[in-house]
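Visitor: Can you walk me through this one? I would like to go through the packing and then the aromatic rings.

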Amino acid sequence: MDNTEQQPTIKVYPFYIKTPVILLGLVTFFFILFILTDVLVPLAMSCLFAILLNPLVNRLQKKLPRGIAIAISLATGILFVAAIIYFLSHEIVAFSKSIPALKAKSLMFAGQLQHWVDDQFGIAIEKQLAMVKSAVQNGGVSFSATLGGMLGVACILVLMPIYMFLLLFYKPLILDFLFNVFSEKYSLRVAEILGEVKTAIQSYIIGLLIEMVIVSAMNSAALMILGVRSAILLGVIGGILNMIPYLGGLVAIALPLLMATITKDGYTTQLAILGAYLVIQFIDNNILVPKIVSSKVKINALVSIIIVLMGGRTVGAFRYVPFYSLHSHSQDHI
């Protein structure tokens with residue numbers, strides 16, 4: 001009698017069966033992510049900001065209960081954002097005082113543009129006005145969609161602090177979940193990887209904020225030197241838009257160019273703005289980003305761009321696993 005244990009046979013499926021199943025699984029996975037975008041995107045953003053606030057929570061938690069420490073940290077973050085909004089609103093109020101003069105100058109500029117289009121392309125002014133009127137009417141159709149988008153943003157702004165509080169409050173349970181996904185012998189390695197991910201995310205976000213402040217300061221200084229109206233407001237908006245790849249930089253340059261075109265005669269200021277912004281972009285791309293952002297996370301520019309583009313459409317999903325209370329010795333450092 002053969003006492004050797006029989007090894008279970010593993011059925012191997014052919015390639016033409018495995019490949020369609022894998023592709024179908026990937027398509028289904030990304031389709032589910034697309035359907036749940038409205039839920040997963042604010043949750044992912046909340047995770048990023050919760051990781052950013054985590055060091056402050058850990059420091060306050062040494063002297064205060066966990067819930068109070070999280071509440072104080074969230075209040076600090078909200079006050080910081082509110083201060084930025086107040087600063088921008090103050091600049092917007094100052095900008096609004098010059099709206100009548102800007103309106104008169106823009107109407108004069110629009111009239112000159114209409115005559116130029118009529119002379120160069122033979123499109124009558126009446127036809128141009130009809131085209132503009134048609135475009136405005138078509139834009140009014142999408143007003144409800146725009147309003148719905150604004151309400152969606154408001155809901156996200158309300159939900160994100162709640163998500164952040166719950167993520168920080170239930171951090172031990174989340175870590176238990178992540179540890180139990182893997183074997184116990186890998187617990188120290190998992191703790192090390194989680195710590196590295198947390199540090200990389202914190203460093204990256206802080207680096208982006210530092211870059212935004214420096215670019216905003218350079219934009220504002222250049223526009224003030226060139227005598228552009230509302231230089232600080234346009235400079236700060238340009239620094240914020242600079243965080244958006246490709247499109248943000250173009251809009252950041254277009255805004256002061258438009259302001260200078262409306263408020264000043266000739267094209268000397270516009271050329272000077274274009275040159276100043278090109279110099280600022282060169283400094284940002286070749287000095288600030290490599291030294292401040294990329295050096296903190298140690299990834300090259302290509303990987304950074306790919307991650308940013310993919311991150312806008314893809315959010316990670318968690319697989320359900322029961323929670324257990326163990327590996328607490330590794331959580332204190334995360």
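Visitor: What should I know about the model and the numbering before we start?

Guide: The model is predicted, so local features need pLDDT of at least 70 and side-chain atom pairs count only at pLDDT 80 or more, while totals for chains, interfaces and linings use all residues. Residues are numbered from 1 along each chain as its sequence is written, and side-chain values use heavy atoms, with hydrogens and water left out.

Visitor: OK. Which residues make up the largest nonpolar core?

Guide: Nine residues: Leu223, Val228, Ala231, Leu234, Ile253, Met259, Ala260, Ile273 and Tyr277. A nonpolar core here is a set of buried Ala, Val, Leu, Ile, Met, Phe, Trp, Tyr and Cys residues joined through side-chain atoms within 4.5 Å. Buried means under 20% relative accessible area, exposed over 50%, and partly exposed in between, with a 1.4 Å probe and protein chains only.

Visitor: Which helices supply at least two residues each?

Guide: α9 (231-241), α10 (247-263) and α11 (268-297). The largest share, three residues, comes from α10. Helices are DSSP runs of H or I with at least four residues, numbered from the N terminus.

Visitor: What does alanine 231 touch?

Guide: Leaving out residues up to four places away in sequence, alanine 231 touches Ser220, Leu223 and Met224. Contact means heavy atoms within 4.5 Å.

Visitor: And what is in the second core?

Guide: That separate core has eight residues, including Ala50, Leu53, Val57 and Leu167.

Visitor: Change of topic. How do α2 and α8 cross?

Guide: The axes of α2 (residues 37-61) and α8 (residues 187-225) come within 9 Å and cross at roughly 95 degrees. That makes α2 roughly perpendicular to α8, a label for angles of 65 to 115 degrees. Axes are lines fitted to C-alpha atoms, for helices over the stretch in contact, and angles run from 0 to 180 degrees between N-to-C directions.

Visitor: Which residues make that contact?

Guide: From α2, Leu48, Ile51, Leu52, Asn54 and Pro55; from α8, Lys198, Ile201, Gln202, Ile205 and Ile206.

Visitor: Staying with α8, is serine 216 buried or exposed?

Guide: Serine 216, in helix α8, is buried, with a relative accessible area of 9%. Beyond four places in sequence, serine 216 touches Gly235, Val236, Gly239 and Ile240.

Visitor: What about asparagine 219, buried or exposed?

Guide: Asparagine 219 is also buried, at 2% relative accessible area. Leaving aside neighbours within four places in sequence, asparagine 219 is in contact with Gly235, Gly238, Gly239, Tyr277 and Ile280.

Visitor: Now the rings. How many aromatic pairs are there?

Guide: Three. Rings of Phe, Tyr and Trp (its six-membered ring) pair if their centres lie within 6.5 Å; planes under 30 degrees apart count as stacked, over 60 as edge-to-face and the rest as tilted.

Visitor: Why is the pair of phenylalanine 165 and phenylalanine 169 called stacked?

Guide: Because their planes are at 10 degrees, with the ring centres 6.0 Å apart. Both lie in helix α6 (residues 143-169), four residues apart, about one turn of the helix.

Visitor: And how do phenylalanine 169 and tyrosine 170 pair?

Guide: Edge-to-face, at 5.2 Å centre to centre and 90 degrees between the planes. Phe165, Phe169 and Tyr170 form one aromatic cluster.

Terms used. Parallel < 35°, antiparallel > 145°, perpendicular 65-115°, else oblique.
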